[in-house]
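Visitor: Please show me the model, and let us go through some of the labels attached to it.

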Amino acid sequence: MIMRKTDVLIVGAGPAGSVCGYLLAKAGVSCLLIDHATFPRDKTCGGGLTPKGWMLLEKLIPDFKYDYNSVRRMKLIVDHNRHCEFDSSSELRLVQRKVFDNHLLEQYLSVGGRFQKDAFLHYKECDGYLSVTLKSGEEIQCKYLVGADGSTSAVRRQLAGKRDNGILFVEQYVEKSSDNAIEITMSRHYDVNGYFYRFPNKEFDAVGYGDVSMTIEKGKWILREKQIPEGKLRGCYLYLKNDYPLNDRVILIGDAGGFANRITCEGIRPAIETAVNAAEAIKTGRPFREVNAQIFEKMRKQDKVLRYFYKPFNIRLLGMLCRWPSVVKWCFDRALRPS
């Protein structure tokens, strides 16, 4: 059997994989993107794009048009009795991932990128190239393998074995509220890193909860506590570590590489940022660890903050700050401010 060749094989057609593939294909790099799903496909995710995220996307793909719900109203609830509401200085864009991801994949295809419905099985390093076996049995020869296949990444598992360093979220869609606001609830009674969220999409609200010891029953209990009728719950595991060996030819990006924000669990913007860095590393021949060094350092700093952020004392302090919405707004706006 003749082995098919490509410069880059990308596993996973979410925002990380599609953006990386778009940038490579546009630069004339031979690229094959694979995903086991049939697009458009749904994805458990609040779908929040912060200003830093959507501005970066507009810079990378100026003609990219996508549907979103613009939100500025923020609601913070602490220990169920402290409330704080304010309007953000910048809009947050809430997207439906089923539609958003499909449009990104179409952008990749529009610049000559190739897509194949298949799944990654394993790879082996050969003399000067990688030999990747797909679940269909086909073998692909490539110079670079990019793992963009989410938090349960099969590419990462071959690099590092099975690791359990993350948070499980449960989410369901509910009838859209008349209040177009993002709601976050934090409590000293929630488990480590736990918080509830309500993200208003254009057609529905996505509500969910997650923590480090999450179970489906706990998720149902939290939703009942929030007086949300039980519906179709969906689970999503979010990997939050960079504890795998770095390989110059096997690159992990987005959730596969554990790049979601450690505090907020924001994932789309880090997916796009690491996709850009992976494409740059491949185009220039520089190591990804070097091109992506600033983000690796940011992750290390967030790991340190995470050790203390959800401590009961800090949750109580945050509840006290709710008395001064202008202070919370200032902190929020500063965190979202584009560089």
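Guide: A residue is called buried when its relative accessible area is under 20%. This is a predicted model, and cysteine 20 in it has a relative accessible area of 0%, so cysteine 20 is buried under that cut-off.

Visitor: Why is arginine 93 called buried?
Guide: Its relative accessibility is 7%. Buried means under 20%, so arginine 93 qualifies. The residue lies in strand S5 (residues 82-94), and its contacts beyond four places in sequence include Trp54, Glu58, Tyr66 and Tyr68.

Visitor: What makes the pair of arginine 93 and glutamate 58 a polar contact?
Guide: Their side chains make that contact at 3.2 Å. The limit for the N or O atoms is 3.5 Å, so the distance qualifies.

Visitor: What makes S3 and S14 edge strands?
Guide: The open sheet has eight strands in the order S3-S5-S4-S11-S12-S13-S10-S14. Strands S3 (48-49) and S14 (234-239) each pair on one side only. Strand S10 (residues 166-174) pairs with S14 in the antiparallel sense over six bridges. Two bridges are enough for pairing, so S10 and S14 count as paired.

Conventions. Residues numbered from 1 in each chain as written. Predicted model: local features only at pLDDT ≥ 70, side-chain atom pairs only at ≥ 80, totals over all residues. Heavy atoms only, no water. Helix = DSSP H or I, 4+ residues; strand = E, 2+ residues; numbered from the N terminus. Buried < 20%, exposed > 50% of the residue type's maximum accessible area, 1.4 Å probe, protein only. Polar contact = N/O pair within 3.5 Å; in protein donor to acceptor, adjacent residues only side chain to side chain. Contact = heavy atoms within 4.5 Å.
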